[in-house]
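Could you walk me through this model in my viewer, stop by stop? Please tell me what to select next and what is there.

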Amino acid sequence: MSTAPRHKRRGDTPPPRTGSSEIEVLRGFLDYLRNSISAKVEGAPAPQARTAGVPSGTNLLGLLNHLTFVERSTFLGDRVTDWQATFHAAPADSVADVVARYRKSVVQANEVLDGCTDLGAPVPRPRPNGPAPSVRWALTHMIEETGRHAGHADILRELIDGATGR
């Protein structure tokens, strides 16, 4: 019998089947990535989830906290004055708090997107910093941003407790 620790392995969820329209494809892939990163952070051990896993200081809670701000800025018009600060969750925030706040922001962003039928139109949000981007640009940016940080989260979570999979 092996005494090596057994690593948690989630099933590797394949890319989503979506409708054939451009908006269905973009939203389907964005939601897929959103679910992937929130699941990657959910249940991570608290001290390690906020501990830097690499020399740059990146940690799981910081990544999801940052993505919460990006979602809120892009789709809800929230103003962010210090993007670097968004990579740090508040000391009192638990893993569950950060995951819940992210998921709530995703629901609110999707409520805005549900009313968007023209990908070329601007995102219908307050414009604190000038004109809003097109819905197409916003969705594509969020896919890139979320995918990039989901990849970081994959590596950090595996370093923490060996958990792998999407």
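Start by selecting P16 and showing its contacts: beyond the residues up to four places away in sequence, P16 touches G28, F29 and Y32. Keep in mind throughout that this is a predicted model. P16 sits in the segment before α1. With a relative accessibility of 25%, P16 counts as partly exposed.

Next, keep F29 and Y32 on screen and show their side chains. Both belong to helix α1, which covers residues 22-41, and they are three residues apart, about one turn of the helix. How many aromatic pairs does the model have? The count comes to one aromatic pair. It is formed by F29 and Y32, with ring centres 6.4 Å apart and planes at 75 degrees; the angle is over 60 degrees, so the pair is edge-to-face.

Now colour the two partners by accessibility. Is Y32 buried or exposed? Y32 has 13% relative accessibility, under the 20% cut-off, so it counts as buried. F29, at 31%, counts as partly exposed.

From here, move to the nonpolar interior. In soluble globular proteins, nonpolar side chains tend to be buried together. Select I37, V41, L60, L61 and L64: within the largest nonpolar core, which has 18 residues, these touch the most other members. To see where the core comes from, highlight α1, α3 (60-76), α4 (95-114) and α5 (135-161), each of which supplies at least two of its residues. Another core, of 17 residues, lies apart from this one; to find it, pick I23, L76, C116 and M142, which are among its members.

Return to L61 for a closer look at its surroundings. Leaving out residues up to four places away in sequence, L61 touches V41, A49, R50, A89, D93, V95 and V98.

For the last stop, show the second largest pocket. Which residues line the second largest pocket? Select S56, G57, T58, N59, L63, Q84, F87, H88, H149 and H152 to display the lining. The volume of this second largest pocket is about 170 Å³. Colour the lining by class, and you will find eight polar residues, two nonpolar ones and no charged ones.

Methods:
Residues are numbered from 1 along each chain as its sequence is written. This is a predicted model: local features need pLDDT of at least 70, side-chain atom pairs count only at pLDDT 80 or more; totals for chains, interfaces and linings use all residues. Side-chain values use heavy atoms; hydrogens and water are left out. On a 1 Å grid over the protein atoms alone, a cavity is a set of points where a 1.4 Å probe fits but cannot get out, and a pocket is an open set with protein on both sides within 12 Å along at least five of seven lines; lining residues have an atom within 4 Å of a point. Grid points are joined across faces, edges and corners, and a volume is the space filled by probe spheres set on the points. Ala, Val, Leu, Ile, Met, Phe, Trp, Tyr, Cys and Pro count as nonpolar, Asp, Glu, Lys and Arg as charged, and the others, Gly among them, as polar. Rings of Phe, Tyr and Trp (its six-membered ring) pair if their centres lie within 6.5 Å; planes under 30 degrees apart count as stacked, over 60 as edge-to-face and the rest as tilted. Helices (H or I, at least four residues) and strands (E, at least two) are DSSP runs, numbered from the N terminus. Buried means under 20% relative accessible area, exposed over 50%, partly exposed in between (1.4 Å probe, protein chains only). A nonpolar core is a set of buried Ala, Val, Leu, Ile, Met, Phe, Trp, Tyr and Cys residues joined through side-chain atoms within 4.5 Å. Contact means heavy atoms within 4.5 Å.
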